[in-house]
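Welcome, and thanks for taking a look at this one. Here is a short briefing to read alongside the structure.

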Amino acid sequence: MTEVARVKERHERRRNAEIAYDPLDPAVYMRVQERQRVLIKLLGLCTSQPLSHLRVLEVGCGTGNNLLELIQLGFSPENMAVCDLIEARA
């Protein structure tokens, strides 16, 4: 099995386990908020430039949720590029 096939198979398993991403489950939001706190802390440590001046490459962009979060933090959409093995997602 190729790496691309393995990634697609993992995506399919994840889609079939929708319960893990139940938007009404508070634990889902706890995981998201923890990831956001770490991202904000890392950005603060790594750059003193305005985020709107930085370029972003999102590898494995999926549904684009991370990109929306980055825009909310101040990144500029015109400085963003995406890449995903599943063409429909990119």
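**Briefing: a helix between two strands**

On the face of helix α3 that is turned away from its buried side sit the exposed residues Leu 68 and Gln 72. Please keep in mind that this is a predicted model.

**Helix α3 and its two sides**

- The buried residues of α3 are Leu 67, Glu 69 and Leu 70. Viewed down the axis of α3, these buried residues fall within an arc of 160 degrees, so they line one face of the helix.
- An α-helix has 3.6 residues a turn, so residues three or four places apart point the same way.
- What do the buried residues of α3 pack against? Their partners are α2, β1 and β2.
- Just after α3 comes Gly 74, which takes a positive phi of about 125 degrees.

**Glu 69, a buried residue of α3**

- Glu 69 has its place in helix α3. Is Glu 69 buried or exposed? Its relative accessible area is 14%, and because buried means under 20%, Glu 69 counts as buried.
- The side chain of Glu 69 makes a polar contact with the side chain of Arg 35, at 3.1 Å.
- Setting aside neighbours within four places in sequence, Glu 69 is in contact with Val 32, Arg 35 and Gln 36.

**The strand pair and its crossover**

- Strand β1 (residues 56-59) pairs with strand β2 (residues 80-83) in the parallel sense, over 4 bridges. From β1 the chain crosses through helix α3 (residues 65-73) to β2, and this β-α-β crossover is right-handed.
- Two pairings show how the strands line up: Glu 58 stands opposite Val 82 in β2, and Leu 57 has Ala 81 of β2 as its bridge partner.

**Helix α2: length and cap**

- How does the span of α2 agree with its number of residues? At 1.5 Å a residue, the 21 residues of helix α2 (residues 26-46) should span 30 Å, and the end C-alpha atoms are 30 Å apart, which agrees.
- Asp 25 caps the N-terminal end of α2, with a side-chain oxygen 3.0 Å from the backbone nitrogen of Ala 27.

**Two residues of α2 to look up**

- Leu 43 lies in helix α2. With a relative accessible area of 18%, Leu 43 is buried.
- Which residues does Leu 43 touch, not counting those up to four places away in sequence? They are Leu 51, Leu 73 and Phe 75. Between Leu 43 and Leu 73 there are 9.9 Å in space, C-alpha to C-alpha, and the two are 30 residues apart in sequence.
- Val 38 is also found in helix α2. Val 38 is partly exposed, with a relative accessible area of 40%.
- Val 38 and Val 82 are 21 Å apart in space, C-alpha to C-alpha, and 44 residues apart in sequence.

Key. Residues are numbered from 1 along each chain as its sequence is written. This is a predicted model: local features need pLDDT of at least 70, side-chain atom pairs count only at pLDDT 80 or more; totals for chains, interfaces and linings use all residues. Side-chain values use heavy atoms; hydrogens and water are left out. Two strands pair if DSSP finds at least two bridges between them. A crossover is right-handed if, with the strands pointing away from the viewer, the path from the first strand over the helix to the second runs clockwise. The expected span of a helix is 1.5 Å times one less than its number of residues. A polar contact is a pair of N or O atoms within 3.5 Å; within protein, one must be able to donate a hydrogen and the other to accept it, and residues adjacent in sequence count only if both atoms are side-chain atoms. Buried means under 20% relative accessible area, exposed over 50%, partly exposed in between (1.4 Å probe, protein chains only). The arc is that of the directions from the helix axis to the C-beta atoms. Contact means heavy atoms within 4.5 Å.
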